[in-house]
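Welcome, and please open your viewer.

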Amino acid sequence: MKKWLTVLLLSFVSLILAACGGGDEKDTAENGEAPKELVVSTWGFAEDFFREEVYKPFEEEHNVKIVTEIGNNADRLNKVRMGNSEVDVIFLSDYYAQQGINDELFEKVDRSKLTNVDKIYDTAKAPLGEEYGPAYTIAQFGIAYNSDEVKQPITSWKDLWNPELKSKITIPAITSTSGPMFLDAASKVSGSTGFNEDKAFAQMKEIMPNVVKEYSQTSEFVNMFSQGEIAAGPIMEMYFASLQEAVPNAKFVSPEEGGYAVMNTVNVVKGTNQKDLAEEFINYILSKEVQEKSAKNKVDSPVNTEVELTEEEAKGLTYGEDVVKTLHTLDMKMVNENSKTWIDRWNRELIK
């Protein structure tokens, strides 16, 4: 009797295991092979939008699960540098991406697989060289000011040196992405046609009485502006909506000498075992579909020239080839080579 019960029990367990196994086989049959995993390093802003509107369609089409690693440029790049992450694709501003290239942290991309590159602005195609990733968005670095507080409309970089703005402006810290851009603007204000370090720093000494505080994060600018601590300062256009929400009469200006292009790039991390999939993802990010969604949701300015926006949709975005052509670009290799020197000199000569 015991033997019979034992056999019956084993048969019952076998049926349960078979049923469970059958479910797995069914899932495999319906979904194909198990999803691959693609680890994407990014900033984390508009996370809900990217998850639903960008990542999810790609996951479904390519049978992949996208895992994000969130943080600022410096922290995320350093994790890759130290080998403390499993990142396959990394989004970085061009300033930090150049550091990654210098440290040989990225794979060389196969341009033949990036078919959408032919549809983006020329300046975005290979901002750091043909062997590395394109820029998927371009933001403009210009000037914002409170028209209720600033009597004379600001139209030029040199207007920030106006004595009437004493203790009324903020400028980016030299260690920030836009810091070297403002240093270049100071060189232009000095009358130099090309970048001149000595003239730029001499010009910076003259503006310091107008500066309340340097900002390292855009949130600091927004807070000071909304609380009336400052009336003007250089900022990326993509953040202007937050300023205008707090101060309805705020204005954004592309200076008559030209604003600066802030390019966010996307690259394949060296050592990934998902290089083909990573390049497929980069190509997808450049597609009209994704670029249009990002633009219309006010997340990123488009670089795909096939994206067409109404005047209202384009408000607050760096949009249109005519606009992009007016923007200055810095040689990020040169910037990184001189960064330490500039930071030391900035701290020594400008910080009291």
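What volume does the second largest pocket have? The second largest pocket has a volume of about 250 Å³. Select Met238, Tyr239, Lys298, Val299 and Asp300, which are the closest to its centre among the 18 residues that line this pocket.

Before moving on, a word on the model: it is predicted, local features need pLDDT of at least 70, side-chain atom pairs count only at pLDDT 80 or more, and totals for chains, interfaces and linings use all residues. Residues are numbered from 1 along each chain as its sequence is written, and side-chain values use heavy atoms, with hydrogens and water left out.

A pocket here is an open set of points on a 1 Å grid over the protein atoms alone, with protein on both sides within 12 Å along at least five of seven lines; a cavity is a set where a 1.4 Å probe fits but cannot get out, and lining residues have an atom within 4 Å of a point. Points are joined across faces, edges and corners, and a volume is the space filled by probe spheres set on them.

Next, colour β4 (135–146) and α9 (240–246). Each supplies at least two lining residues to the second largest pocket, and β4 gives the most, with 3. Helices (H or I, at least four residues) and strands (E, at least two) are DSSP runs numbered from the N terminus.

Now keep Tyr239 selected. Tyrosine 239 sits in the loop between β7 and α9 and is partly exposed, at 31% relative accessible area (partly exposed lies between buried, under 20%, and exposed, over 50%, with a 1.4 Å probe and protein chains only).

Of its 28 lining residues, Asn73, Ser216, Gln217, Thr218 and Tyr239 are the closest to the centre. Select α8 (218–226) here: α8 gives the most to this lining, with 3 residues. The lining divides into 14 nonpolar, 14 polar and no charged residues (Ala, Val, Leu, Ile, Met, Phe, Trp, Tyr, Cys and Pro count as nonpolar, Asp, Glu, Lys and Arg as charged, and the others, Gly among them, as polar).

The last stop is the largest cavity, with a volume of about 110 Å³. Select Phe50, Phe91, Tyr136, Ile285 and Asp300, which lie nearest its centre among 13 lining residues. α11 (288–296) provides the largest share of this lining, 3 residues.
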